[in-house]
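Subject: A structure for you to look at

Hi there,

Here is the structure I promised to pass on. Have a look at it first, and then read my notes below.

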Amino acid sequence: MGGRKKPPSLPPPPPTGRTNLASCIVATTFLTFIAIIILIIFFTLFKPQNPTIAVTAVQLPAFSVTNTTVTFTVSHYIAVNNPNHGVFTHYDSSLQLLYAGNQIGFMFVPSGEIEARRTVYMAATFSVVSVPTTSVINAPPEGVNGLRVGPRLEIELRMKMAGRVSVVHFFTHHVEAKAKCKVAIAINDGSVLGFSC
């Protein structure tokens, strides 16, 4: 009994056009899904945020008072922080000084850049001439927190910084920051009683 040999097996038929098309659709869908996930993670991590403004100190290098007016020079020291991963370019920025609701000082902040994740320190000095003391606040007889402070005046600083943040040099996003701080000044000696932002 001789063994019969099996005929050699034939190679599988080549894939048809339908199989190639299905493979391409699956690969494209997978790559699109991965690209969307990468974009979501990227924009979550690098989402543009508004810069933060903080007044760190207030000084009055010059102060004089007459019966009806006050003349002084006030210096504000300001820290601007860029929390973004891209450069913050500011171009529309200003400082405004108010007393009793009226503007007594104004200046533009020159345009510039703040590097990614950096803080820039600025100083702004206003010379205020002849402010009427008609709206001076008289402190209660016991003073503030147990201290006798006498009459005081309050000024307000408003700062606005606007610009754009570039994200990976391709996308830009408009950002804006605002700060409002009130400063209490003692009339009798021109000392800064405190400030709050």
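Which residue's side chain meets that of E176 in a salt bridge? The partner is K178, with N and O 3.7 Å apart. A salt bridge here is a side-chain nitrogen of Lys or Arg within 4 Å of a carboxyl oxygen of Asp or Glu. Side chains of opposite charge can pair when their charged atoms come close.

Before going on, two notes on the model. It is predicted, so local features need pLDDT of at least 70 and side-chain atom pairs count only at pLDDT 80 or more, while totals for chains, interfaces and linings use all residues. Residues are numbered from 1 along each chain as its sequence is written, and side-chain values use heavy atoms, leaving out hydrogens and water.

The overall layout

The protein has one helix and 10 strands (DSSP runs numbered from the N terminus: H or I of at least four residues for helices, E of at least two for strands). Of the 197 residues, 31% are buried; buried means under 20% relative accessible area, exposed over 50%, and partly exposed in between, using a 1.4 Å probe and protein chains only.

The salt bridges

There are three salt bridges. Another joins D92 and K160, N to O 3.8 Å. These two residues are 68 apart in the chain: D92 lies in the loop between strand 3 and strand 4, and K160 in strand 8. E156 and R158 also pair, with their closest N and O atoms 2.9 Å apart. E156 is buried at 13%, but R158 is partly exposed at 34%.

The disulfide

The structure holds one disulfide, meaning a pair of cysteine sulfur atoms within 2.5 Å. C181 and C197 form this link, S to S 1.9 Å. C181 sits in strand 9 and C197 in the segment after strand 10, 16 residues apart. The torsion about the S-S bond is about 110°, so the disulfide is right-handed. C181 is buried at 1%, while C197 is exposed at 62%.

The inside

Leaving aside neighbours within four places in sequence, I155 is in contact (heavy atoms within 4.5 Å) with residues including F72, V74, L97 and C181.

Enjoy exploring!
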